[in-house]
Amino acid sequence: MSNPLRVVHPIPAEAWPTAEEAADARLFSPVTLGHGCTLTARTWVPAMVPWRATDEGEVTDAVLAWYGRYADGEPGAIVVEATGIRDVPSGPLLRIGHDRYIAGLRRLVETVRARSAGRTRVFIQLIDFLAIRRRPESAVYFRRFLQVDDGHRGRLAALLADVSLSHAADDVVRAALATLPDEQLDAVLTARECDDLRRGARERVTDVHLPHIRALPEVLPGLFADAAARAEAAGFDGVELHYAHAYTMASFLSALNDRADGYGQTREGRIRLPREVFAAVRARVSERFCVGCRLLGDEAIAGGSTAADGAYFGAALAVAGMDFVSVSKGGKFEDARTPKVGQAVYPYTGESGHECMPTVRSDVRGPFGRNLGLARGVKAAIAAAGLSTPVIAAGGVNGYRLAEAALRAGDCDVVASARQSLADPDWWRKVRLGRGAEVRRCKLTNYCEALDEHHKEVTCQLWDRVVSTEPAGRSRDGRRRLEAPKWEER
Ligand SMILES: Cc1cc2nc3c(=O)[nH]c(=O)nc-3n(C[C@H](O)[C@H](O)[C@H](O)COP(=O)(O)O)c2cc1C
Ligand code: SF4
């Protein structure tokens, strides 16, 4: 549900630095992550799925072009999009669940190294996610998916004052349910069934009655470790374990995780699997390989993990030996918008989604640097544990002054900009060269996110407005550019 207190915040004017000022900026100073991985600058392109892989999860020329374009801007690091650790079909998302993916990923690494002249470190985000179905037609749900039981029969009989329904055949119960309005269905179906009906069935880490969900703590450490070993074989500088947003590992960390098998409930229980996954990964890769994670500083949902939990988890994972901790916020299924029939629920559409990718239409705090406080909290907890593990902050950073001030204030050690880097992949380089006035500034209106929601090739609304004669910059249908326009440096 959208927040009625939102107003539109204008993009603030920017006082760009001269080249001399940029040379002294903390933003363009080096930083060393764990395991000796030094970034040439504290600038970071966080993971963003562009939907350019093949349906088999292979790297394509379009994937190479996409990451090559970010590398042109020479950020300190690029994190390649969330990449599936299992060898299962998942549409045009990159995969790393088998050795056959190594060759393609190696080309990706080589592209980034060549296009950044070796200035950019390249990591890959490793993700596990659970099954999710599209929202069904209600008739289809009742006919095919609902498991009718005596609870339904009893509640239906009471609701309709018809005792014959308390021992009716499944088909009769299904047919009766299909005629009921929503308010009456609420009285007959369980909360989970209502959710399956209205938002599409979605597995949860708490579904321990399902053997494959119960077994997640046994299988995930090995799957993540195998994937990390492949990432090292492909030449990546490191991996980012995806412990954030709506996916499996974040769901283990969630305060909503009430698993009673030692992998839920308390903070210690919830962090147990993330720690075990990390230990398995670390044991499989070399001492030259960097292993960090992305986690939520705050889940931003009712009953979810809070900023205090986020700080605790950040510090505990740093103590476990993570080489960096990247802090995000929200992006959960629990409060996502109800999808249309035939569509899947998308975790960036509710209030927690807004917290993850804040737009200019925001509450009074506005979107700019909105989540820096969470990074500051994680950094303080890491410091209190006696460590200095670098913290990466993201969320609404689309200008130089904000990024530099965050670093100088000690909110974080590295600044990540996702949508600003999408809008203008050259922006870090332009700023470093004292040519900030040429930056194409992200409007924070989320046209790109809407494309991601519908699994369409992600582009930026600003690209088409740039007059250019490059034919290769045009999409196949001649309307949408699939790559950011080239910056003529002269
Ligand atoms: C198109 C798109 C795809 C994204 N895909 C991922 C992803 O694969 N993994 C991830 O952790 N975050 C993903 N994000 C979230 C960004 O990494 C980032 O946290 C978010 O956009 C907020 O940062 P920003 O304000 O600088 O854009 C995605 C964001 C966008 C816009
Ligand atoms: S589409 Fe909009 S929000 Fe996305 S990168 Fe471009 S300007 Fe920014």
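Trainee: How many residues surround ligand 1, and which are the closest?

Mentor: This is a predicted model, and in it a residue is taken as near a ligand when its C-beta atom, placed from the backbone, lies within 6 Å of it. The shell around ligand 1 comprises 26 residues, and the closest of them are Pro46, Ala47, Ala82, Ala418 and Arg419.

Trainee: Which element gives the most to the shell around ligand 1?

Mentor: Strand S5 (77–84), H17 and H19 are the elements that give two or more residues to this shell. By class, the shell around ligand 1 has 13 nonpolar, 8 polar and 5 charged residues. With 3 residues, the element that gives the most is H19.

Trainee: Which element supplies the largest share of the shell around ligand 2?

Mentor: Around ligand 2 there are 13 residues, the closest being Arg419, Cys442, Tyr447, Cys448 and Cys460. By class, 8 of the shell residues are nonpolar, 3 are polar and 2 are charged. Helix H17 (419–423) and helix H19 (447–453) each supply at least two residues, and the largest share, 3 residues, comes from H17.

Trainee: Why is strand S8 largely enclosed by the rest of the structure?

Mentor: Strand S7 (residues 238–243) pairs with S8 in the parallel sense over 6 bridges, and the bridge partner of Glu240 in S8 is Gly292. S8 is also joined by 5 bridges to strand S9 (residues 325–329), again in a parallel arrangement, with Leu296 standing opposite Ser328 in S9. As for burial, strand S8 (residues 290–298) is largely enclosed because the number of its 9 residues that are buried is 9.

Trainee: How far apart do the C-alpha centres of domain 1 and domain 2 lie?

Mentor: The domain assignment of the chain gives domain 1 as 7–131 + 207–473 and domain 2 as 138–199. The distance between the C-alpha centres of domain 1 and domain 2 is 42 Å.

Notes
Residues numbered from 1 in each chain as written. Chains lettered and ligands numbered in written order. Predicted model: local features only at pLDDT ≥ 70, side-chain atom pairs only at ≥ 80, totals over all residues. Helix = DSSP H or I, 4+ residues; strand = E, 2+ residues; numbered from the N terminus. Nonpolar A, V, L, I, M, F, W, Y, C, P; charged D, E, K, R; others polar. Domains from an automatic or database assignment. Buried ≥ 20, exposed ≤ 12 C-beta atoms within 10 Å, placed from the backbone. Pairing = 2+ DSSP bridges.
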